[in-house]
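Subject: Structure handover

Hello,

Please find the structure below. My notes on what was found in it follow.

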Amino acid sequence: MITRPPFEFGGTSVAAGTRAVVELALPRLNSQALMSMSVHVLHGRKDGPVMFISAAIHGDELNGVEIVRRILATKLLGRLGGTLIAIPVVNGYGLSQHSRYLPDRRDLNRSFPGSESGSLASRLAHLFMSRIVSRSSVGIDFHTGSGHRTNLPQIRADLDDPQTEALARSFGVPVMLNAPLRAGSMRGSAGELGTRILLYEAGEALRFDELAIRAGVAGVFGVLRSLDMLPPSTRKSTSYREPYVARSSRWERAPQSGILRARVVPGARVERGEVLGHVHDPAVSEHAPILARSAGLVIGRLELPVVHEGDAVFHIARFNDDMADVEENVDSFHLDHGDLLLLD
Ligand SMILES: [Zn+2]
């Protein structure tokens with residue numbers, strides 16, 4: 001039997017059927033402390049695609065960090081075919097400061113493809129592109145809502161590409177959004193190299209969300225199976241349903257400044273004209289309703305109860321499908337991942 005050649009990465013040779021942690025050197029902290037990006041390389045015994053999973057490109061978005069940790073701890077990866085590159089923390093500078101940004105206040109996910117001689121963000125983006133994205137045919141990047149907003153677990157991807165769409169479906173969350181490639185984002189730059197990217201958006205920054213984490217772990221295994229990097233599941237899934245693709249989405253905004261009282265949760269189905277919440281003047285009892293301009297599903301919500309007029313509060317996705325089917329799909333998703341809070 002011919003052994004599969006090793007995977008050469010960052011000066012380390014990873015033999016087939018083994019794994020290694022490679023530290024990619026990053027610019028030092030200004031204190032001179034060394035910085036690196038820890039990259040876990042799992043090189044399967046059998047041939048197959050190279051896929052990466054990455055978290056905390058935005059340093060305060062933590063659900064993905066836990067998703068990667070749980071995936072790396074599973075025994076199932078002993079049966080891996082192909083090569084999995086896992087980066088639990090891309091932006092360690094931001095993580096240590098509880099910040100979305102880099103110390104230069106730039107957004108890493110607006111700094112791709114980056115350059116060797118650019119800003120700190122640009123250099124980090126360049127390293128990530130040249131070492132990881134360029135080696136991979138598929139990548140899954142983990143994000144959460146920003147600015148005190150939480151997201152219902154959802155996949156954002158270029159769904160006009162049939163292969164990306166098939167990967168997105170295999171992730172198995174109830175809602176998918178066809179997201180155009182954004183200039184400066186990792187997803188946009190990866191597309192130019194031919195690397196297909198799924199963006200998993202779930203939960204809130206600086207918090208763990210158990211449903212979002214469990215669904216993320218299951219989603220990665222779904223994608224690995226669809227790529228034949230793992231054998232098919234032996235567990236019978238009884239409630240799996242096809243995800244629904246949102247036709248469009250928009251934010252309903254605060255009509256005045258004040259204190260927010262929300263009436264609907266992420267995952268709720270809403271009717272056109274429904275009251276989603278109220279904004280109160282803190283001193284008097286006057287309040288203004290926030291109304292849904294269309295029927296749809298709440299896929300994101302502001303969790304901070306103080307708002308200025310115009311703040312984005314409820315993210316509503318619209319579908320061409322029957323909303324009762326979409327709602328049922330979300331309910332069974334919650335049950336699948338053991339979210340007992342929604343059982344009552
Ligand atoms: Zn993000």
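Helices and strands here are DSSP runs, numbered from the N terminus; a helix has at least four residues and a strand at least two. By that numbering, His 98 sits in the loop between α2 and α3. The model is predicted.

Backbone

His 98 is not a glycine, yet its phi is positive, about 55°. The residue is exposed, with a relative accessible area of 57%. Ala 56 is another residue other than glycine with a positive phi, near 60°. Ala 56 belongs to the loop between β5 and α1 and is buried, with a relative accessible area of 0%. For reference, most residues other than glycine have a negative phi, and most peptide bonds are trans. The bond from Phe 112 to Pro 113 is cis, with omega near 0°. Pro 113 is placed in the loop between α2 (92–96) and α3.

Helices

In α1, 8 of the 10 residues are buried, among them Val 65, Ile 67, Val 68 and Leu 72. In α5 (residues 186–193), the buried residues are Met 186, Arg 187, Gly 188, Ser 189 and Ala 190. The buried residues of α5 pack against β5, α3 (120–131), β7, β8 and β10. Gly 194 follows α5 and has a positive phi, near 85°.

Second largest pocket

How much space lies in the second largest pocket? The value is about 640 Å³. The pocket is lined by 27 residues, of which Arg 110, Arg 156, Arg 182, Leu 199 and Glu 201 are the closest to its centre. By type, the lining residues are 6 nonpolar, 12 polar and 9 charged. Strands β7 (138–145), β8 (149–157), β9 (175–178), β10 (196–204) and β12 (248–253) each supply at least two residues of this lining.

Regards

Note on methods: Residues numbered from 1 in each chain as written. Predicted model: local features only at pLDDT ≥ 70, side-chain atom pairs only at ≥ 80, totals over all residues. Heavy atoms only, no water. 1 Å grid on protein atoms, 1.4 Å probe; cavity = no way out; pocket = protein on both sides within 12 Å on 5 of 7 lines; lining within 4 Å. Points joined across faces, edges and corners; volume = space filled by probe spheres on them. Nonpolar A, V, L, I, M, F, W, Y, C, P; charged D, E, K, R; others polar. Buried < 20%, exposed > 50% of the residue type's maximum accessible area, 1.4 Å probe, protein only. Contact = heavy atoms within 4.5 Å.
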